[in-house]
Every structure is written in structure tokens, then in C-alpha cells.
Amino acid sequence: MDVAVLAYDGVFDSGLSALLDVLDGANAMRAELPKPPPAWQVSTIGFRRRIRTGAGHLVETLPVGTAKAADLLLVPALAERRPDALIAHVSGPDAEPVRRLVTATRARRTPVASACTGTFLLAESGILDGRTATTSWWLAPYFRKRYPAVTVDESRMVTTSEGVTTAGAAFGHVDLALAIVRMSSPALADLVARYLVVDERPSQAAYTISSALAQSDPTLAAFERWARVHLDQPISIADAARAVGVSERTLQRAVARTLGTSPVRFVQDLRVEQASHLLRTTDLPLEVIARKVGYEHPNTLRILLRERTGETAGSLRGR
């Protein structure tokens, strides 16, 4: 497989290097398998012969025309954490060459992949419309609002939809590269992960900070503050709406618009977050923790922890 990795001014250094390092490692470890897959021919391409990364490093590149012969285009993230600045950049003139390249690549039906803030470049180019994608969990509310034609599942670490693969937060570039290796050889992907000491992370849910997501909308932020105060009690969504000064329907719409979920599920997320924190930082019995987060029976909390974090109460406590 010929893989073109796009390097552009302001690219996230770790994202670029993670993609290159994992694929290089896969090539180096192929010989350890009895039936190795074909090697990956990786080229770093750019719009100029030399680009400057987000951290100020210079990277030599091949012309972007190289991508026309590639079997896969990888677009690393942009080194920008501020949502407003990120959206301004990916929609502005500086990112127009990237958007054109992405659109032209998909027009040839060549697969495209990206991670973290790079998913905004894909969405801005229009190639994610009608598809399912993931992105950095903390950017999901902004992504969902700007790109309503895209179905966002920020809990996933990697998702593929009709030739376009997206991955989650910054170091999701490692997961993205391993997913690409896994498409050719699951055994080689497992081998590379073991050498790199990278655990399988199918979900971002365990890393999500619900309060951070809530801050992107004033109504949701007020609801989140109210819910935390009443976390150990049965919560009525109607009571919550009255407490924050909106109708129940307005509250439901605010949560759906920002998080793509329901108020009840958001409260469950808050309870899981708090229970996980207590399991990691205290010796309180699970029965006590369950009551502190509003559950009479600890088994209800056990099931919810497993569903939302992919871990058991015991494994969380072991951390």
C-alpha cells in the first residue's frame, strides 16, 4: 500500500510523527510474522518543499501530486486547541489547499483518514457529510454544531465510514495508525502495539470529562452544575429544567444539540464520572459509592460502569 501523509504548516508534531513511526515500525516488524503482509510505502507530502510544524520544526516533503498515486491519504491534526480558532483556520484561506486535496482525493475514491482536530479539515471539505465520524471528545459539541450533516460518535476511538476513517483525541493518531495496520494484518497490529506498549482503546468514554463538554452551552452548563449538587438523589428532568429557568423541552434540545444525547444519559455520565473518581481515590465500598451517585443498588452502577467505560469497578479501583 502506498500511503501519503500530509504535512502542512501548523501540523500537530506528535500526530505527524505517530503516524510515521507506527507505520515504520510495522514495516520493520513484518519479518517476525510467518506470513507477513506487504510493506507500506510511506511518503510525506506537502504544498511546499519544506513546511513548519506547530512546534516550529521544519519537515522536508514531496510534492502533493504524489498523493494521486497513493492508496491512502493521512491528514494529521492541526496544532490548535481553541475551538473558535480551529474553526476559523479550517474554514479560512490558509486551509483551502488542504480542503481541495482532500476533496480531490475522495473524488478518486481513494480512502482518507485523520484524527483529532484534523477531522475538522475533513468535515469542512464536505467528505464526511452523511457519514459517521469521531473526533476529540472535548471538541465534539463544536463539531456537531458546525457539521450537522455528520453523525458524530465521540465515544469511539476509531471509526470508518464509506472510505473515510477518523480517530479521537491527539494521541488517537497512534490508534489510527494501528487501525490501518490492522486492516492488512491484525497479528502485525497486535505485535506493533506490544512493542510500543500501547493498550487497545476502543472508546474515548473513559477519558471524557462531562463538565468540560457542558461549558460549550450556557443552558447545559447550568444543568450540569445543578445535577452535580443533586447527584445523590433521584433526579427529575422537569425539576432540573425549572431550576435552570427553561422548559423541559428546551433543556432536552440543548443537551441533544450539544452532546447528541438526552438529559437522562448526561446525568448517568456524570454519575459514572464521579463513581470512577471515588473508586480510584478512596477505599469506600461500592455500595457506599453507589448511594453517593444516586443508585440504591451497587449492581446498577457495576453495569453502567462496564457499559460506559469498558471497565469493571475492580479494575478502576486497581488504578
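This is a predicted model: local features need pLDDT of at least 70, side-chain atom pairs count only at pLDDT 80 or more; totals for chains, interfaces and linings use all residues.
**View 1. Helix 6 has the span you'd expect from its residue count.** Count along helix 6 and you get 13 residues, 172-184, which at 1.5 Å a residue should span 18 Å. How many of the 13 residues of helix 6 are buried? Ten of them are, so the helix is largely enclosed by the rest of the structure. The buried ones are G172, H173, V174, D175, L176, A177, L178, A179, I180 and V181. What do they pack against? Two helices are on the list, helix 1 (13-29) and helix 7 (186-196). The strands there are strand 6 (72-75), strand 7 (112-115), strand 10 (158-161) and strand 11 (164-167).

**View 2. Helix 1 packs against both strands and helices.** Helix 1 has 17 residues and reaches 24 Å from its first C-alpha to its last, close to the 24 Å expected at 1.5 Å a residue. Its buried residues are G15, L16, A18, L19, V22, L23, G25, A26 and M29. If you wonder about the spacing in that list, here's a handy rule: an α-helix has 3.6 residues a turn, so residues three or four places apart point the same way. Around the buried residues of helix 1 you'll find strand 1 (2-6), strand 2 (41-46), strand 4 (58-60) and strand 6, along with helix 6 and helix 7.

**View 3. Helix 1 crosses helix 7.** Here the two axes come within 10 Å and cross at roughly 110°. Helix 1 and helix 7 are therefore roughly perpendicular to each other. Is the crossing left-handed or right-handed? It's right-handed. On the helix 1 side, V22, G25, A26 and M29 make the contact, and they meet L188, L191, V192, Y195 and L196 of helix 7. Sort the residues of this contact by type and you get eight nonpolar, one polar and no charged. The helix 1 residues V22, G25, A26 and M29 are also among the buried ones in that helix.

**View 4. Helix 3 meets helix 4 at an angle of about 70°.** Helix 3 covers residues 96-107 and helix 4 covers residues 118-125, and their axes are 9 Å apart. That angle makes helix 3 roughly perpendicular to helix 4. This crossing is right-handed. V98, R99, V102 and T103 come from helix 3, while L121, L122, E124 and S125 come from helix 4.

**View 5. V98 and T105 are two residues to look for in helix 3.** V98, found in helix 3, counts as buried at 4% relative accessibility. Leaving out residues up to four places away in sequence, V98 touches L6, Y8, F47, V75 and L121. V98 and L6 sit 92 residues apart in sequence, yet their C-alpha atoms are 8.7 Å apart in space. T105 also lies in helix 3. T105 is buried too, with a relative accessible area of 1%. With residues up to four places away in sequence again left out, T105 touches L73, T110, P111 and V112.

**View 6. Helix 4 is largely enclosed by the rest of the structure.** Seven of its eight residues are buried. Those seven are G118, T119, F120, L121, L122, A123 and S125. Which elements do they pack against? The helices are helix 2 (83-91), helix 3 and helix 5 (140-146), and the strands are strand 6, strand 7 and strand 11. Step past the end of helix 4 and you reach G126, whose phi is positive, near 95°.

**View 7. C116 and E162 have positive phi values.** Neither one is a glycine: phi is near 55° for C116 and near 50° for E162. C116 sits in the loop between strand 7 and helix 4, whereas E162 is in the loop between strand 10 and strand 11. Buried or exposed, which is C116? With a relative accessible area of 6%, C116 is buried. E162, at 56%, is exposed.

How values were computed: Residues are numbered from 1 along each chain as its sequence is written. Side-chain values use heavy atoms; hydrogens and water are left out. Helices (H or I, at least four residues) and strands (E, at least two) are DSSP runs, numbered from the N terminus. The expected span of a helix is 1.5 Å times one less than its number of residues. Buried means under 20% relative accessible area, exposed over 50%, partly exposed in between (1.4 Å probe, protein chains only). Contact means heavy atoms within 4.5 Å. Axes are lines fitted to C-alpha atoms, for helices over the stretch in contact, and angles run from 0 to 180 degrees between N-to-C directions. Angles under 35 degrees count as roughly parallel, over 145 as roughly antiparallel, 65 to 115 as roughly perpendicular and the rest as oblique. A crossing is left-handed if the near helix is turned anticlockwise from the far one by less than a right angle, and right-handed if clockwise. Ala, Val, Leu, Ile, Met, Phe, Trp, Tyr, Cys and Pro count as nonpolar, Asp, Glu, Lys and Arg as charged, and the others, Gly among them, as polar.
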